[in-house]
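Biologist: I would like to learn how to read features in a model like this one. Can we go through them in turn, with the cut-offs stated?

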Amino acid sequence: MLHRLKQLAPLAVIAVFMGAIWLLSRELKHYNIHDIRNAISHIPAWRLWAAGGLTVLNYLVLIGYDYLAVRAIQHPLSLGKISLASFTGFVTSYNFGAVLGGTSVRYRLYSAWGLSAVEILQLVIMLGTTYWIGVFALAGIVFVSHPFPIPASLHFPFDNVQPVGYILLTVAACYTSLTLIRTKPINVKGIQLKLPGTGMTLLQLAVSAIDLILVAFIVYTLLAEDISIGYGEFLGIFLMATVTVVLSHVPGGIGVFELVMLTLLASPDSGKILAGLLVFRVIYYLIPLFAAVILLGLHELSLNRGLASRVMQETSRWSTAIAPLILSGCTLLAGAVLLFSGATPIVTARIGSLQQTLPLPLIEVSHFLGSLTGAALLVLARGLQRRLDSAWWLITSLLSVGIVVSLMKGFDFEEAILLSVLLFALLISRKQYYRKGALIHARFSPGWAATILTIVICSIWLGLFAYRHVEYTDELWWAFTIKGDASRFLRGSVGAIAIILLFAISRLVAAHKPRTLPPTPAELDAVKQLVLSSPQTSTQLALLGDKSLLFNDQQTACIMYGVQKRSWISLGDPIGADTERGELIWQFRELVDRYDGWPVFYQVKPENLTLYLDQGLTILKLGEEARVPLDSFDLQGGKRRKLRQALNHCETDQCEFSLIPRDGVPKILGELKQISDAWLQAKEISEKGFSLGYFDETYLKQFPISIVRQQGRIIAFANVLEGAGKDELSADLMRHTPDAPPGVMEYLFVELLLWGRQQGYQWFNFGMAPLSGIENRPLSPVWNRTANLIFRYGDHFYGFEGLRSYKEKFDPVWTPKYLASPGGMALPQILSDVVAIIAKNQSNSNRT
């Protein structure tokens, strides 16, 4: 139910936005677009410079939010990294909304810097709490000390905001008192959220108050000439508008912020107020966003020229992660600029020059192409976030077209400069867009769809507002004159809507792959060729046939996966060529996205973690894998005493080891089946699957089998997995009879290791010891501390520590294994799904 409500949330945002636009139209019914343009041009230059200086100061203050949050969760980070996360996070959040922009940027950066999903969740909650409590405290003080009347048209039960102020002060005081009283963490669905101390809370309130006071003063600086109230009362109105914007969830608060400000200020000159608010958006939102793009572009350029210092090389780690995200948002903004430009009249001062320079047909075509280009940029921006090569080529081409048509349709050099800056940033960050995925399959989240729809609606409203004095007739569609702005707006809007509808329809009719299917015989043959060339024995679990297979187009790489509820779980890293892994992971991610699932990569290696961090996934250590170097393995020394005892004991009991080749396995399968059934019955367990082998004749026929006989009767066996190039040897399915001598499996392993050394194999892989090697330190994430406790005290339920001790007998080298998945509140369910898919009896699902 909650998931369905989340899907409907964007529709509610659109409804709020359209309501705000309708009310804003009524508020501005006596003004036209030329009045607002004139009001903008008459704002004194010193006010613009003052607003710009205060904006720089405010963004410096904003660093305090992240700085205090990082200190509260006690994770050491440099001030430079915190400043970067703060600037990019707030800039993208202000322009594209918290979820679509700020939270995503912070998640990418902080996860790359070592913060766990729980820590990032705590940090984001801390940022939101700091802001909200700051708003409540400051608004409460201002509403009580400088109350302003509430318009009767809003039908509030209060005449002024003073009662609201007392309520807000009470909420802020209660929270502050809670930080003093409550010292224990708050548990939310198994995740512990620690409240900051009272001292930290007061610092957070101070940062929030300074931030809000500065932003309000920036707006007041631009509007002071057109309003008759003092700064104290204005601050209260600004706070009321800010709270309304956050509650509406409309990206950037477009329309909502302006509506509340106009309603509460009740100025006789609403056109000038709106002009000042538009200038504020440019100074406070757009210029910082393009500054971020330029900084990223200059950084990429310096790296490409080889002039980067050690510091620049270090910062390349974060620029690689966030550049596609920011440039994707800027492309969305560029599309909006082109649509808004197409919806408004040509600047009067430029009409004469335009008429003398360019023929009318060229102006008309340029105007229409500008609107089409803007719509195309809106739908292609998502491809940049996905790092698609095709999206990069199309968008750079469209930006080039946009620059030309901006100049030809009305000498819009300001617009052309903005598009040029974005084009420059894309050109020098070409290496970031390496993926070959199809644009038609790029998944659009409800947030993205709502943002595009909001921009289109805003563009249409802007045109209707600009030309409401023009009487509509059918002839408008076919009117071609130098002053036919309304006609051009109608044609351009229809073209833009057609582009978006065509894209939406093409996605609806595009064929989707099935959710999950067992592998076909042809797929099993193809994966077998990949497995035979892989040095890792774990890849041979693909031959079980219980997992679906996803190949790249050339079938040179493959992912084996299973689906459990919303979790799409890939077993290990992709099989096949290293160069194909990154693209195949993206393909798997897109397949999962189509069904609103969670991509999960189980038991991945440390050398491949950057591939998953690039996806914005959270990394958790699962345990450590034991690998014995065979060239140095022998039975000499005190460490091997227990192994020698097991060997001698079994030899005394007349046990013999032998290796049955593949062609001899079918003859003994009946006997092995009896041993397997007896072993399962004695252990009182059922077959497992996915990451573990189970008894399946088709599967076992593909490997040699190591066996132990006692007086001619087989009493133990294990299938033998051989890696390509004799890099690795391993055993998967291991069973013995209930009456086998103690230590029979140690005997089998010792003989198998000695055989492997004789055959020239380099390693023997004993598999992973779950939850081992995870340290528990005071600053360790919650997952590390929990896993360490389970490992130390969970032997009653599962022999975690005993399993590691068993493998330690062979003196292995331990290598960490990880889980890469979405973090946050989804993590407990994902871990549960992994356990469930392994425990599920797979043996009867896909085989007979």
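Modeller: Start with a ring cluster: ring pairs link Tyr-561, Trp-568, Phe-588, Phe-601 and Tyr-612. Rings of Phe, Tyr and Trp (its six-membered ring) pair if their centres lie within 6.5 Å; planes under 30 degrees apart count as stacked, over 60 as edge-to-face and the rest as tilted. Now the ground rules. This is a predicted model, in which local features need pLDDT of at least 70, side-chain atom pairs count only at pLDDT 80 or more, and totals for chains, interfaces and linings use all residues. Residues are numbered from 1 along each chain as its sequence is written, and side-chain values use heavy atoms, with hydrogens and water left out.

Biologist: How many aromatic pairs does a search of the whole structure find?

Modeller: A pair of aromatic rings is described by the distance of the centres and the angle of the planes. The whole structure gives 21 aromatic pairs. One of them joins Phe-695 and Phe-717, edge-to-face, at 6.5 Å centre to centre with 85° between the planes. This pair links distant parts of the chain: Phe-695 is in the loop between H23 and H24, Phe-717 is in strand E11, and they are 22 residues apart. Helices (H or I, at least four residues) and strands (E, at least two) are DSSP runs, numbered from the N terminus.

Biologist: Are Phe-695 and Phe-717 buried or exposed?

Modeller: Buried means under 20% relative accessible area, exposed over 50%, partly exposed in between (1.4 Å probe, protein chains only). Both Phe-695 and Phe-717 are buried.

Biologist: Which residues is Ser-676 in contact with, leaving aside its neighbours within four places in sequence?

Modeller: Contact means heavy atoms within 4.5 Å. With those neighbours set aside, Ser-676 touches Glu-687, Phe-695, Phe-717 and Arg-735. Ser-676 belongs to helix H23 (residues 665-683). Its relative accessible area is 0%, so Ser-676 is buried.

Biologist: Next, strands. In what sense do E9 and E10 pair?

Modeller: Two strands pair if DSSP finds at least two bridges between them. Strand E9 (residues 655-660) pairs with E10 in the antiparallel sense, over six bridges. Ser-658 stands opposite Ile-707 in E10. E10 also pairs with strand E11 (residues 713-722), antiparallel and over six bridges. There, Ile-705 has Asn-719 in E11 as its bridge partner.

Biologist: How many residues lie between the strands in the hairpin of E10 and E11?

Modeller: Two residues lie between them, and Gln-711 takes a positive phi near 55° in this hairpin. In a regular strand the side chains alternate between the two faces of the sheet. Strand E10 (residues 705-710) is mostly covered, with five of its six residues buried.

Biologist: Now charges. How many salt bridges does the structure hold?

Modeller: A salt bridge is a side-chain nitrogen of Lys or Arg within 4 Å of a carboxyl oxygen of Asp or Glu. The structure holds 14. Among them is Arg-430 with Asp-389, at 2.3 Å, N to O. Arg-430 lies in the loop between helix H16 (413-428) and helix H17 (446-466) and Asp-389 in helix H15 (residues 389-410), so the pair ties together parts 41 residues apart in sequence. Arg-430 is partly exposed at 24%, whereas Asp-389 is buried at 12%.

Biologist: Which salt bridge involves Glu-625?

Modeller: Its partner is Lys-817, at 3.1 Å, N to O. The pair links distant parts of the chain, with Lys-817 in strand E14 (residues 813-821) and Glu-625 in strand E8 (residues 618-629), 192 residues apart. Lys-817 is buried, with a relative accessible area of 4%. Glu-625 is buried too, at 7%. Salt bridges can also share partners: Glu-364, Asp-485, Arg-488 and Arg-491 are joined in this way into one network.
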